[in-house]
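User: Can you walk me through this model? I'd like the aromatic contacts too.

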Amino acid sequence: MLSTADGAIDGAETISPAELARRMSFYEIGPDELACLVEARATLGQVQQQCTQALHAHMLQFSNLSGMLAKENSLGVLAEAHRRYFADMTAGRLDQDYVDNRLRVGYAHQRIGLEPQWYLGAYRKYLSELMLALYRERSDDQAFLQTYDAVLKLICFDMSLAIDTYIHADRQHIVRLKDYAEQVIGSIPCGVMVIDLQGQVCTLNPAIEAMLDLPPGGPRQVGALVREPAIGRRIALGLERSYFHEEFVIANGNRHLRCLLSRAVLTGKEVLMLIAEDITVPLQARAALHDSEERFRVAFGQAAVGLAQIARDGRWLRVNRKLQQILGYDEAQLAHMRLQDSSLEEDRDADEQAMAMLASGACADVSRDKRCLHKDGHLVWTTVTMSPMRASDGELSFICVVEDISQRKAAELALLHQATHDALTGLANRALLQDRLDQAIAFARRAGHIAAVLFIDLDRFKNINDSLGHEAGDDVILEVGRRLQMCTRAGDTIARLGGDEFVLILPNLASGDQVAPLAQAVLDALMEPMVLGGHEVSPVASIGISLFPRDGADRQAMLKNADTALYRAKDRGRGCFQFYAQEMNARTLDRLALESRLRHALERREFVVHYQPQFDVASGAIVGTEALLRWQQADGSLLGPADFIPIAEETGLIVPIGEWVLRTACAQRAAWQAAGLPGVRMAVNLSVRQFQQAGLEAMIEAALRETGCRAEWLELEITESMLMDRPDEVAATLHRLNAMGVQLSIDDFGTGYSSLTYLKRFPIHALKIDRSFVLDVTTDEDAAAIARAIVVLAHSMKLTVVAEGVETQAQWDFLRAEACDQVQGFLMSRPVAADAIAALLAAGA
């Protein structure tokens with residue numbers, strides 16, 4: 001066995017020379033065996049490396065071993081250890097140094113958590129591999145058996161040393177646990193007494209001696225030792241019964257003890273265990289606390305304002321009757337709610353900030369006016385004051401005082417509304433308009449956005465007043481205000497300056513192009529007929545528009561220029577709108593005219609599809625075509641997609657147009673197939689609006705079925721930005737399309753933003769390098785590096801790479817050198833009509 005005699009190894013034990021000699025005798029290891037190993041040194045050296053490799057391959061099959069070997073250079077270190085082991089094993093000596101070295105190895109394996117079964121398994125694998133290797137190396141059976149027998153004896157001897165290290169480590173661990181338990185029991189404030197079933201006290205800590213006034217060194221028989229009658233009776237019962245478990249409290253003089261007495265099993269033997277706790281001080285404190293709490297309870301409950309204690313996360317811990325009246329909930333309901341639940345959504349951040357400031361000690365209290373949600377849904381104006389309170393255990397909470405100020409606020413709001421709103425319509429008046437316009441300009445200046453002012457004047461309103469009376473005129477003004485509210489956004493301001501003049505403030509606009517559609521919508525809404533006293537009236541309005549910062553840097557300039565634009569609109573025939581900047585008028589009118597023609601282009605069959613072939617870089621063969629939309633206008637001019645697709649996207653017309661393109665392309669692909677032309681892939685772009693449209697998969701299935709186009713012939717091109725908008729929903733849609741057999745590719749890759757984590761989730765088949773990178777690959781190292789990286793990325797994800805916009809032979813050569821799979825561009829072919837593609841396919845066949 002191991003001992004701590006001479007030769008201790010780094011604090012671990014070793015074996016004595018006598019024990020070494022005894023073990024060598026037992027394992028029959030003598031000079032002959034050691035000489036045999038020396039004689040086989042060269043042979044063993046030849047097979048050592050293959051044995052080591054076989055062992056490593058075997059160990060890596062098991063997760064708990066491969067995890068240990070996963071660290072940097074672990075296999076290299078292990079291989080070096082194996083080499084040294086072969087060298088030591090064949091050195092011809094089995095002395096104390098050899099033994100100490102093997103023990104060190106055993107201790108190291110035990111410390112890293114290598115279980116004995118895996119340790120022995122590794123030795124077993126050594127023996128198996130060594131036997132086979134020796135058998136191959138030694139043709140003489142007698143020599144083989146003699147060598148293998150010597151190796152077997154020495155390895156078994158080594159295994160015995162390893163097992164000893166594990167046994168010794170476990171024994172030491174048990175001793176440490178025993179010492180630890182005795183120290184813990186001796187130092188805990190609770191009293192502990194363990195009694196065997198013969199009534200002998202086995203364990204007695206200092207705390208129980210003090211609690212029961214036990215004499216030091218007294219008798220070990222429990223009946224003679226414990227003089228307290230209540231405990232003595234229960235101990236007697238516990239020793240008699242096979243099951244006993246009781247908690248009780250006793251008074252021992254001025255001391256109160258809470259005791260637990262129960263039968264238990266320790267080290268395989270039944271014992272009776274007594275645990276005692278001195279609760280004298282807590283009982284006294286509880287009595288004093290009860291008196292204090294009673295006084296607080298009466299004052300808390302009868303307070304004329306709402307009082308509450310709130311947890312750090314906002315939970316109501318305690319509330320008084322007044323607060324229950326203010327919020328409309330009883331105490332039981334509030335116990336399941338938080339402060340934030342009775343706050344408006346826009347106030348919740350302020351609540352959180354206030355509690356954070358109090359918790360950090362940044363201020364001693366916080367007070368503010370806020371609206372609270374009553375149980376029945378109405379709002380209650382309150383003044384809420386909060387202060388931090390930290391309990392004796394360090395737990396932080398807040399004391400909250402809530403005062404109902406609804407009546408005062410109602411009076412204040414009524415006065416403020418009268419001062420800032422039009423008496424007839426309830427819309428903003430001139431004073432509020434000026435304030436809101438100042439705010440809109442300030443925000444637009446900070447954010448770099450645009451703000452718009454629309455001056456609206458009803459044309460010939462005087463005729464309505466004169467013919468139908470002022471009461472009818474008021475009705476018209478009220479209806480105009482209602483219709484303006486229906487046309488505007490929640491954050492816009494509608495003001496009535498007086499008479500028939502209205503002003504709209506449109507803050508936070510990304511582009512001035514957003515103003516014209518809204519102005520037209522206002523004109524259309526106001527022209528809807530209204531019936532007054534049996535007469536049908538259709539108000540017509542003129543609108544003047546100014547934009548910040550182009551048409552003015554402050555409120556006065558914006559209002560003045562919008563008024564100027566209004567008179568220009570009236571001069572041009574009324575019932576229209578005019579921008580202060582004439583050039584914007586022209587651009588806006590052109591856009592509106594284009595939008596109007598676009599709405600009829602599909603029904604008039606003005607759209608055509610051209611096809612651009614895609615070529616395999618390696619073979620030069622056509623492998624696909626991309627369907628590209630063109631608009632053949634009535635005047636014969638041909639518009640490219642950049643001129644009208646953005647408008648189609650904005651108006652939603654892209655959905656029916658996109659479906660027409662898909663059906664046309666699928667029908668053309670089926671026609672080429674029927675004509676016996678070589679099979680190519682048909683690529684069709686999907687817009688964002690199409691992709692988000694309900695029933696997309698059903699529409700594609702119907703198009704394939706009705707045109708006779710097979711799913712695997714079709715490739716749908718989507719953009720990076722579409723992938724990142726609600727990625728879980730996008731992934732589900734793409735997987736359904738993929739399940740149909742449709743191919744999927746990402747168009748303009750590299751110009752948007754993609755998360756590679758998300759990208760690998762999508763069933764994508766190809767990436768298309770955007771033409772902006774291809775254009776500069778031969779002149780711009782950055783563009784070349786990006787294109788090269790996209791190719792490597794795609795191939796690493798087993799995706800096809802298609803380069804767009806190839807216009808020069810140098811670009812083709814670069815892409816071919818970088819192993820790009822396919823290309824398309826003007827170098828090979830511009831987008832052409834379907835019959836031209838058919839001719840190319842026929843020539844290639």
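This is a predicted model: local features need pLDDT of at least 70, side-chain atom pairs count only at pLDDT 80 or more; totals for chains, interfaces and linings use all residues.

User: What radius of gyration does the protein have?

Analyst: 45 Å, while a compact globule of 845 residues would have one near 28 Å. That is over C-alpha atoms; the globule rule is 2.2 Å times the number of residues to the power 0.38. The C-alpha box is roughly 125 × 95 × 50 Å along the principal axes.

User: How much of it counts as buried?

Analyst: 44% of the 845 residues. Buried is under 20% relative accessible area, exposed over 50%, partly exposed in between (1.4 Å probe, protein chains only).

User: Now the rings. How many aromatic pairs?

Analyst: The whole structure has 8. Phe, Tyr and Trp rings (six-membered ring for Trp) pair with centres within 6.5 Å; planes under 30 degrees apart are stacked, over 60 edge-to-face, the rest tilted. Phe607 and Trp631 make a tilted pair, 6.1 Å centre to centre with 45° between planes.

User: Where do Phe607 and Trp631 lie?

Analyst: Phe607 is in strand 18 (residues 607-616) and Trp631 in strand 19 (residues 622-632), so the pair ties together parts 24 residues apart in sequence. Strands are DSSP runs of E, at least two residues, numbered from the N terminus.

User: Buried or exposed, that Trp631?

Analyst: Buried, at 0% relative accessible area. Phe607 is buried as well, at 5%.

Methods. Residues are numbered from 1 along each chain as its sequence is written. Side-chain values use heavy atoms; hydrogens and water are left out. Helices (H or I, at least four residues) and strands (E, at least two) are DSSP runs, numbered from the N terminus.
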